[in-house]
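Q: Please go through this structure and say, for each label, what value stands behind the label.

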Amino acid sequence: MSAARATRVLTGITTSGTPHLGNYVGAVRPAIAASRAPETESFYFLADLHSLIKAQDPVRTQRSTLEIAATWLAAGLEPDKVWFYRQSDIPEIPELTWFLTCVAGKGILNRAHAYKAAVDRNRADGEDDDAGVSAGLFMYPVLMAADILIFGADKVPVGRDQIQHIEMARDFGQRFNHVYGRDWFTLPEVVIDEQVATLPGLDGRKMSKSYGNTIPLFAPRETLRKLVFSIVTDSRPPGTPKDTDGSALFQLYQAFATPAETAAFAQAFADGIGWGDAKQQLFERIDAEIAPMRDRYETLMARPQDIEAILRDGARRLRERYATPLLAELRHAVGLRDLSAGAAEASGDDSGDTAIRPAPPVFKQYREADGRFSFKLVDGDTLLLQGAAFAAPRDAGQWIGRLKSGAVSPDVDADGVVRTDGIEIGRLAEGVDAAAFAAALARLAEDAAT
Ligand code: TRP
């Protein structure tokens with residue numbers, strides 16, 4: 001791979017549900033901060049193809065995609081500085097998914113946590129192993145690998161539950177590189193942010209949709225207030241010192257406050273602040289951070305056509321820049337090729353950092369019926385160059401030697417006649433062009449050098 005390019009950081013956002021404060025603190029806020037790091041090319045996308053595995057209600061799928069796009073924009077993602085797009089707008093992703101599917105080991109997919117968990121549940125219930133399991137769930141890691149590999153991501157920040165998926169992306173990428181003989185794909189590294197706190201929910205357990213204890217990120221101010229006041233506390237009255245340890249109220253406050261504000265809040269706990277006052281302070285603190293975003297969110301939600309345009313524009317530029325050219329190369333690499341192009345071209349483009357090299361083309365010297373000496377250059381069964389005829393075998397041999405070592409770089413004219421210093425040394429075979437011939441010579445020279 002070429003030297004200095006910005007580090008590519010890529011992450012996918014599953015488009016399901018309505019974002020809550022836990023998503024904001026745990027994912028959105030740190031990701032947006034990271035997107036402003038220097039020397040970084042960031043990719044953020046809405047994983048809407050993935051969402052179809054779980055959510056099959058079209059209205060909710062559309063709604064959730066809109067809400068999540070608006071959330072990221074409202075929270076400060078800058079679509080002119082980072083790549084922000086929708087997975088389903090890049091048809092090269094499902095195309096690459098198929099190429100990877102054909103090198104991915106089924107046994108590896110059998111071991112994916114989400115799939116295994118479904119099988120285990122079925123076994124516990126005495127059901128058939130795969131009862132109710134869609135092939136989409138099974139293939140989830142391959143689609144995710146395509147998301148990552150298509151843009152050459154170096155780093156993928158995700159939650160712990162996704163580590164295995166990144167390992168699989170490396171595995172599939174590596175297999176593809178191996179089978180198709182060069183480093184097509186960068187192997188991504190997982191990034192786990194240890195700093196990011198998990199936010200407690202209203203009942204003190206981790207804030208999660210599945211516990212029904214969430215505070216929606218963009219709840220109206222009054223709703224936010226009510227929800228904050230419903231956070232579970234103990235029954236200590238005002239004037240009695242309170243523990244910050246294990247207090248959901250305190251942890252929530254900390255997630256939105258500076259260290260100095262947090263220290264002051266801890267002091268207020270020690271001084272016996274009443275729960276009502278503490279909740280009021282927490283509410284004001286959260287609202288101070290959220291209110292400007294909530295305004296932007298509402299503006300965006302009122303103009304879905306603007307969001308649509310932003311997403312389409314991101315995908316269009318990204319396809320043009322990376323996805324379309326890469327898939328053209330990959331199609332060629334796997335052999336989905338223009339049938340009218342000479343088969344010689346098949347292996348003629350394999351310069352670069354080749355892991356497995358196809359056998360180079362070979363010269364064959366022979367004697368013609370008229371007694372003169374000639375040679376051919378053949379690649380497998382394909383004739384590339386028909387050499388001119390010479391009176392002495394030495395002459396034919398010398399040209400072979402020069403062509404092999406790269407000592408000469410012959411010219412090819414419009415009729416396919418090959419000359420060096422004006423001397424005709426041969427003619428390209430039907431369907432072989434100058435580029436394919438040059439590529440074949442390059443492979444020979446490379447082979448001679450190793
Ligand atoms: N599976 C990820 C999650 O549930 C979402 C995702 C899809 C993703 N494609 C990705 C994350 C590619 C990182 C990279 O969180």
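Q: What makes H11 and H12 roughly antiparallel to each other?
A: In this predicted model, the axes of H11 and H12 cross at roughly 170° and come within 11 Å. Axes are lines fitted to C-alpha atoms, for helices over the stretch in contact, with angles from 0 to 180 degrees between N-to-C directions. Angles under 35 degrees count as roughly parallel, over 145 as roughly antiparallel, 65 to 115 as roughly perpendicular and the rest as oblique. H11 and H12 are therefore roughly antiparallel. Helices (H or I, at least four residues) and strands (E, at least two) are DSSP runs, numbered from the N terminus.

Q: Which residues of H11 and H12 meet?
A: From H11 come Glu261, Phe265 and Phe269, and from H12 come Trp275, Ala278, Gln281 and Arg285. Contact means heavy atoms within 4.5 Å. By class, this contact has four nonpolar, one polar and two charged residues. Ala, Val, Leu, Ile, Met, Phe, Trp, Tyr, Cys and Pro count as nonpolar, Asp, Glu, Lys and Arg as charged, and the others, Gly among them, as polar.

Q: What is the basis of the values, and how are residues numbered?
A: Residues are numbered from 1 along each chain as its sequence is written, and side-chain values use heavy atoms, with hydrogens and water left out. Because the model is predicted, local features need pLDDT of at least 70 and side-chain atom pairs count only at pLDDT 80 or more, while totals for chains, interfaces and linings use all residues.

Q: Which residues touch the most other members of the largest nonpolar core?
A: Leu21, Tyr24, Trp72 and Ile290 do, in a core of 54 residues. A nonpolar core is a set of buried Ala, Val, Leu, Ile, Met, Phe, Trp, Tyr and Cys residues joined through side-chain atoms within 4.5 Å. H12 gives the most to this core, with ten residues. The core draws at least three residues from each of domain 1 (7-198 + 303-311) and domain 2 (218-301). Domain bounds come from an automatic or database domain assignment. Apart from this core lies another, of 49 residues, including Leu10 and Tyr140.

Q: What does Tyr24 contact, its neighbours within four places in sequence aside?
A: Tyr24 is in contact with Arg29, Pro30, Ala75, Leu217, Phe256, Glu289, Ile290 and Met293.

Q: Why does Gly431 count as exposed?
A: Gly431 has 53% relative accessibility and therefore counts as exposed. Gly431 lies in the loop between E11 and helix H16 (434-449).

Definitions and conventions
Buried < 20%, exposed > 50% of the residue type's maximum accessible area, 1.4 Å probe, protein only.
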